[in-house]
Amino acid sequence: MTLFARPAVRWSALVALWGLVIAVLWVELVQVLLVAWNPFCHWQGPGVAHVTVVSVNPDPQSQLTDGVTVKEERGVRDLTLLKEEAVALAPGDRIWVLDACVSDGLRPNQYRLTLTRILLQYPIILLLPAAWALWGLRRARIHQAAEPPPPVRQVFTDDFHLRAQRFAKPDQGPGAGAAPPDDTRRPG
């Protein structure tokens, strides 16, 4: 019996996976509504670049972002990063940069490339492992339903004692087989 063949584990996994799918679809819906309702917001294609930091330009008017000038193969460009990420940079650093999926002028347009940031910016990627896990759970359920039921336990009786009964004394009524009373007591 596999782990996912147990009903409690299977149902817990199903609830967790469907919760993940609903959360991902909610984040995607919010991103679509941001683009639809905000006139300054637009889609920005996914992009990853390996760049060299030229300078860090603090933005005193923004509490969230700072500007960073970087050099890449195509030339020099200006990035908008989170303040925490920009403060940690120095000229000459080589970093990987991930473009945000939505650009609105308030939030950063780029982030340092990390696995967490990829999953936060592009949560649709999480639907692939969730679909794979849901498919595995379905296969486990089908496999469990196809398994034959456990065999019926058979108890064998030994016939040695049955054969030995033919040599036993015949029954003499109630109390047969009990020892005869001992009437020959000596006074003592």
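Trainee: Is K71 buried, partly exposed or exposed, and what is its relative accessible area?

Mentor: K71 has its place in strand β3, where helices (H or I, at least four residues) and strands (E, at least two) are DSSP runs numbered from the N terminus. With buried meaning under 20% relative accessible area, exposed over 50% and partly exposed in between (1.4 Å probe, protein chains only), K71 counts as partly exposed, and its relative accessible area is 46%.

Trainee: How many bridges pair strand β3 with β4?

Mentor: Strands count as paired if DSSP finds at least two bridges between them. A hairpin joins β3 to β4 through two residues, and V70 has R77 in β4 as its bridge partner. The pairing of β3 (residues 65-72) with β4 is antiparallel, and the number of bridges is eight.

Trainee: What is the order of the strands in the open sheet, and which strands stand at its edges?

Mentor: The open sheet consists of five strands with antiparallel pairing, in the order β4-β3-β2-β5-β7. Two of these strands have a single partner each, so one side of each is left without a neighbour in the sheet, and these edge strands are β4 (75-82) and β7 (110-112).

Trainee: By how many degrees are neighbouring strands of this sheet turned against each other on average?

Mentor: The angle is taken between axes, which are lines fitted to C-alpha atoms (for helices over the stretch in contact), with angles running from 0 to 180 degrees between N-to-C directions. For neighbouring strands of this sheet, with direction ignored, the average turn is 50 degrees.

Trainee: What span should helix α4 have, and how far apart are its end C-alpha atoms?

Mentor: The expected span of a helix is 1.5 Å times one less than its number of residues. Helix α4 (residues 127-146) has 20 residues and should therefore span 28 Å, which agrees with its end C-alpha atoms, whose separation is 28 Å.

Trainee: Which exposed residues does α4 carry on the face turned away from its buried side?

Mentor: A130, L134, L137 and A140 are buried in α4. They cover an arc (that of the directions from the helix axis to the C-beta atoms) of only 115 degrees, which puts them on the same side of α4. The face turned away from that buried side carries L128, W132 and A146.

Trainee: Which elements do the buried residues of α1 pack against?

Mentor: Helix α1 (7-37) is included in what covers the buried residues of α4. Its own buried residues include L14, L17, V21 and V24, and they pack against β1 (42-43), β6 (102-103), α3 (115-121) and α4.

Trainee: What distance separates the C-alpha atoms of C41 and V102?

Mentor: C41 lies in the loop between α1 and β1, and it is buried, with a relative accessible area of 8%. Not counting residues up to four places away in sequence, C41 touches L34, V35, V102, S103 and D104. Although C41 and V102 are 61 residues apart along the chain, their C-alpha atoms are separated by 6.8 Å.

Trainee: Which element has the lowest mean pLDDT?

Mentor: The protein chain has a mean pLDDT of 81, with 87% of its residues at 70 or more. Where pLDDT is low, the predicted coordinates should not be read in detail. Among the elements, β5 has the highest mean (91), and the lowest (74) belongs to helix α5.

Conventions
Residues numbered from 1 in each chain as written. Predicted model: local features only at pLDDT ≥ 70, side-chain atom pairs only at ≥ 80, totals over all residues. Heavy atoms only, no water. pLDDT = per-residue confidence, 0-100. Contact = heavy atoms within 4.5 Å.
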